[in-house]
Amino acid sequence: QDKLKIDYKNERNGFQTDHLCSDGYTWTFYFRNQPSSKKYLDQVLLPLHSCIVRMFNQLTNKYHTCALDNLYNLLKEQN
């Protein structure tokens, strides 16, 4: 579980992360093999969105601007 196989790369293994970066500096990151935060999953967010919100909440500075590419706003169904 701590090692994620990457089938579409020649290397076949490695670390997959989501991260927030700016001007060559990584502010925060999240390993994709880690479980999503239950706090945000309970707020009807999908696992990917939960990871992104968690990363934003780790930023300590105010007034960040963010651009997201190919992130769709979907809600999971409530039973």
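Predicted model: local features only at pLDDT ≥ 70, side-chain atom pairs only at ≥ 80, totals over all residues.

Entry 1: I looked up Phe29 and found it partly exposed at 44% relative accessibility. My scale calls a residue buried under 20% relative accessible area, exposed over 50% and partly exposed in between, with a 1.4 Å probe and protein chains only. Residues are numbered from 1 along each chain as its sequence is written, and side-chain values use heavy atoms, with hydrogens and water left out.

How many aromatic pairs does a search of the whole structure find? I got 2. Rings of Phe, Tyr and Trp (its six-membered ring) pair if their centres lie within 6.5 Å; planes under 30 degrees apart are stacked, over 60 edge-to-face, and the rest tilted. Tyr25 is partly exposed, with a relative accessible area of 47%, and Trp27 is partly exposed at 41%. I also noted Phe29 with Phe31, edge-to-face at 5.3 Å centre to centre and 85 degrees between the planes. Phe31 is partly exposed, at 28% relative accessible area.

Entry 2: Next I followed the strands. Helices (H or I, at least four residues) and strands (E, at least two) are DSSP runs, numbered from the N terminus. Strand S3 (residues 17-22) and strand S4 (residues 25-31) run antiparallel and are joined by 6 bridges; two strands pair if DSSP finds at least two bridges between them. I picked out Cys21, whose bridge partner in S4 is Thr26. S3 and S4 form a hairpin, with 2 residues between them.

**Entry 3: two positive phi values.** Most residues other than glycine have a negative phi, so I listed exceptions here. Asp23, in the loop between S3 and S4, has a positive phi near 50 degrees. Val44, in the loop between H1 and H2, has a positive phi of about 70 degrees. Is each one buried or exposed? Asp23 is exposed at 81% relative accessibility, whereas Val44 is buried at 17%.

**Entry 4: the core.** Which residues make up the largest nonpolar core? I wrote down 6 residues: Leu20, Tyr30, Cys51, Ile52, Met55 and Leu59. Such a core is a set of buried Ala, Val, Leu, Ile, Met, Phe, Trp, Tyr and Cys residues joined through side-chain atoms within 4.5 Å. Helix H2 (residues 47-57) gives the most to this core, with 3 residues.

I then checked H2 itself. Its buried residues are His49, Ser50, Cys51, Ile52 and Met55. The elements covering these buried residues include S3, S4 and helix H1 (38-41).

**Entry 5: a closer look at Cys51.** I ended with Cys51, which sits in helix H2 and is buried at 6% relative accessibility. Which residues is Cys51 in contact with, leaving aside its neighbours within four places in sequence? I found Tyr30 and Ser36, where contact means heavy atoms within 4.5 Å. I also looked at Ser37: its C-alpha atom is separated by 6.8 Å from that of Cys51, with the two residues 14 apart along the chain.
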